[in-house]
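Dear colleague,

Please find the structure below, handed over for your study. My notes on what was found in it follow, arranged by topic.

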Amino acid sequence: MTDDELIWRISGGSGDGIASTSQNFAKALMRSGLNVFTHRHYPSRIRGGHTYTEVRASADPVESRGDGYNFLLALGDSFARNPQEEAVYGNEEIKPLSENLDELREGGVIVYDEGLLDASEIPDFDERVEENDWHVYPLDLRGLARDMGREVMRNTAGVGATCALTGMELDHVEDLMRDAMPEKILEPNLEILETAYNQVSEEYDIDAPDVSVPTGEHDETQLLMSGSDAISYGAIDEGCRFIAGYPMTPWTEVFTIMTQNLPKLGGISEQVEDEIAAAALAVGASHAGVKAMSGSSGGGFALMSEPLGLAEMTETPVVLVEAMRAGPSTGMPTKPEQSDLEHVLYTSQGDSQRVVLAPGTVEEAYEQSRIAFRLAYEYQIPTILLYDQKLGGEMKNVPKSHFDREPNPTLGKTLSEDALADEPHSGDGKFHRFQHDVEDGVSPRSIPGQKGGRFLATGNEHDPTGHIAESPDNRVAQIDRRTQKLEAIRDDLDGEDTGSYTGPEDAEYGILTFGSQQGTVEEAVERLNDAGISVKSYGVSDMLPFPTEQVEAFVESVDEVLVVEMTASGQFRGLVQKNLGRYGEKLSSLLKYNGNPFEPAEVVDGFEAAIVEGDGDASGHQTTFVPAAGD
Amino acid sequence: MSTFSAIGDEREIDRDEYTPSVEPQPTWCPGCGDFSVLKALKQALPEVGRTPEETLLCTGIGCSGKLNSYLDTYGFHTIHGRSLPVARAAKLANPDLEVIAAGGDGDGYGIGGNHFIHTARENHDMTYIVFNNEIFGLTKGQTSPTSPKGHKSKTQPHGSAKEPIKPLSMSLNAGASYVARTAAVNPNQAKEIIIEAIEHDGFAHVDFLTQCPTWNKDARQYVPYIDVQESEDYDFDTTDKVEAAEMMRETEEALHEGKVLTGRYYVDDDRPSYGAEKQAIGEMPEEPLAERYWDDDYEWERSHDMFLDKHA
């Protein structure tokens, strides 16, 4: 835990504008020269229900949510259900204050809207304040906003109060509001921002803020970006101009970003009747010669199993993204989990021939979205980008230069009509689209409308022309060729450096993780080393084909390995063991599946309890330790 | 040489070009109505001037799906019920292609019913031929969505308790802009209707009655058939939705009373196709998207130049 950081949590009801207010505030902090990282928590509910966003800001790079937080702006839930229903729901109005106290650090600040919230309704509130040395500022934000014309502006008033109490200048916030707000609402918002700032500054004599905003400096332009943004931009830069989808949380973000941008690029987006159609459209568009994608979350992705298998069998390039949320079934729609790993690896009948990549950060989301398209088209294989509600929705600053790369619209081994003329054909002119003996197993393809390229794509096993064939020799040749592509892709990925390593190379212990937990694990590794425990981590991105050699070398180099993942059954650990074939006695698990991602302290404490102390009992956390085989 | 030089190729086309050398003889049962669909397509395609390499035929699964093996064009033999989403995306990606989708009644009205409704609603410029034999043939004679009420089979031993799907009415209500029914026993009408369907600028749905002599002997041969345009007993306006609906209702009821009515039921030449609608609102490029990937002069946009500043 660094002392020199602000972790600002804004809480309210769904529909109260928490997301947009927090995003603007995060951007203001970023523009002031700080590194920022956001963490969202929201219910699956249309209006009302306790929601919050955390903005962590520090002069040092931040790659994770923090441990708890130190500044609360509690706005109250303006969509709370009928107070008469309290017996069932509890007092919802007060939840933005009452539900957030457990994670507030000692010495933290509470600003709450006393126009809406009555702190005396919270049991033992004063005692807890005293015990934790919290600094409490009740402000009538709603009253102020109402006086100034519009009640929704209480969010802005809260930001003004935050600035006054943390010693932050208003100029970055004002600049942002000028960029983000339409003329009509800009002036009253600027006014209320300043009024709230001045009122708080006058009412409380703030010489030394209880919690202050750190200062920092960036040496290049920064962008505030989410994983969903990064995945979308990666697709665009690889020449993807077709997307088909059906709304489902949290995949909807990528679908929306692509749909809003594609028309500006002369591309096509289709919202269709279901996810079976969505994936089938992506396959159809790709077959006709366009770089195409689709995607969904768990339940919707389940519907894509069949078109996914069709893409495997017909060797149609396609990228599918899968934004995991807590399952099974509808599960917890707005909560992150990593438990679709096995689903995505194995769904659809037959032996899987697909690529699965799980980026760990916003930067990797952009890079691996590009790699996913490149591999899909170069090797004619469906490629799945596996992420989750956490990576998709959290935002962080990334240098703009990270995206300053050349576009890559190439279709891979696709032949021109001239080149097609030199390729093998049957007597009737049918092109041998699925030739047996080709480099890396990749048989060059043609596109409908090309002269000399006629062939049949079919989900049945087929001969070189695509004609349905069930002879044993052909079957073995085709399966072996398609499998050979995965071996070539493994070699290819070795050159992409998708894994992420932290900690001393000669460390005694190791932590393995995948996907979105990477940043949190890396922060924990740093803290453990600071505390004198020699540990390193490896965040794995390639789920299929698996980097067996690299993972084996990592496991081999340490005494014990803790596998950290957001699943209940240790799916990633199972995947590691399946691929390595041994080391079961060296691998234990730290799991979390309560709907919230790991905090760094949970990994630190979990590691100490599991590996250093050996009993696995990390009290106070909702994490689960599963010992190594034989323990 | 242009990228897709098969498209728009003006030349004489021989019917034999559509016959593959690998499997020139279909393996459908003798007397199967599916032969007529194949024949009608082989006659219609040269007549509308579409060569094998500018045509993409997408099929589903079932006896009808074998069409891809017997008609030599660019083909995509997809999965059960999903020919339409594959086909319509190919049409969006390259509107210059002649896209034809085909499947059986189980494929199109059962497992793929959702896609049928939505593809009709969107009015994609394509032809959809449903081989309707009122039975599941390839899986050996189970009751299908168009089997009449009371139909007995191994999977409905006491007779189906369900009303059959009314494909023509469903199509009209869903939004198809060309709806016709023809029958395997009426090859001339079948050919003419397939030609009209291909030339129609919008979603053209042809419910093609294909008798199954092996598993559906009850339906016999769909004879005697009556062409509603030629018969003097029927007089309705195919451009009028209300009259079309009434004629469809009568046709669908008559089928199970032994009267086989066929012909054109609804033709709307004014409604723009989906591609045209999408282009009109700026959501689809004027030039086929598939061409762009071969254009060496095209300057591919970068997110860095176009979208990133709003994140700063």
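Is A:Asp124 buried or exposed? A:Asp124 is exposed, because 10 other C-beta atoms lie within 10 Å, and the cut-off for an exposed residue is 12 or fewer.

Please keep in mind throughout that this is a predicted model. The model scores ipTM 0.98 and pTM 0.96. For chain B the mean pLDDT is 96, and 99% of the residues of this chain reach 70 or more.

**Where the chains touch**

How many residues of chain B are in contact with chain A? There are 54 of them, and they are in contact with 62 residues of chain A. On the side of chain B that touches chain A, several elements each supply at least two residues, including helix H2 (67–70), strand S2 (74–77), helix H3 (83–93) and helix H5 (113–122). The largest share, 7 residues, comes from H3(B). By kind, the residues on this side of chain B divide into 29 nonpolar, 16 polar and 9 charged.

Among the buried residues are B:Arg88 and B:Lys91, together with B:Ser83, B:Leu84 and B:Pro85.

The chains also meet through strands. Strand S15 (residues 456–458) of chain A pairs with S2(B) in the parallel sense, over 3 bridges. In S2(B), B:His77 is the bridge partner of A:Thr458.

**A covered strand in chain A**

Strand S7 (residues 222–226) of chain A is mostly covered, with 5 of its 5 residues buried. A:Gln222, A:Leu224 and A:Ser226 point one way from S7(A), while A:Leu223 and A:Met225 point the other way. Which strand does S7(A) join through 5 bridges? The partner is strand S14 (residues 395–399) of chain A, and the two run antiparallel. In S14(A), A:Val398 is the bridge partner of A:Leu223.

**Cis peptide bonds**

One cis peptide bond joins A:Leu544 and A:Pro545, with omega about -5°. A:Pro545 lies in the loop between strand S19 (542–544) and helix H20 (548–556) of chain A. In chain B, a cis peptide bond joins B:Val223 and B:Pro224, with omega about -10°. B:Pro224 has its place in the loop between strand S6 (203–209) and strand S7 (225–227) of chain B.

**A database annotation**

For residues 61–208 of chain B, UniProt lists "domain: Thiamine pyrophosphate enzyme TPP-binding", in an unreviewed entry. Over residues 61–208 the chain is 36% helix and 20% strand, and the end C-alpha atoms are 16 Å apart.

With kind regards

Notes. Residues are numbered from 1 along each chain as its sequence is written. Chains are lettered from A and ligands numbered from 1 in the order in which they are written. This is a predicted model: local features need pLDDT of at least 70, side-chain atom pairs count only at pLDDT 80 or more; totals for chains, interfaces and linings use all residues. Two residues are in contact if their C-beta atoms, placed from the backbone, lie within 7 Å. Helices (H or I, at least four residues) and strands (E, at least two) are DSSP runs, numbered from the N terminus. Ala, Val, Leu, Ile, Met, Phe, Trp, Tyr, Cys and Pro count as nonpolar, Asp, Glu, Lys and Arg as charged, and the others, Gly among them, as polar. Two strands pair if DSSP finds at least two bridges between them. A residue is buried if 20 or more other C-beta atoms lie within 10 Å of its own, exposed if 12 or fewer, and partly exposed in between; C-beta atoms are placed from the backbone. pLDDT is the predictor's confidence in each residue, from 0 to 100. UniProt positions are given in the numbering used here, feature names are shortened, and annotations may be inferred rather than shown by experiment.
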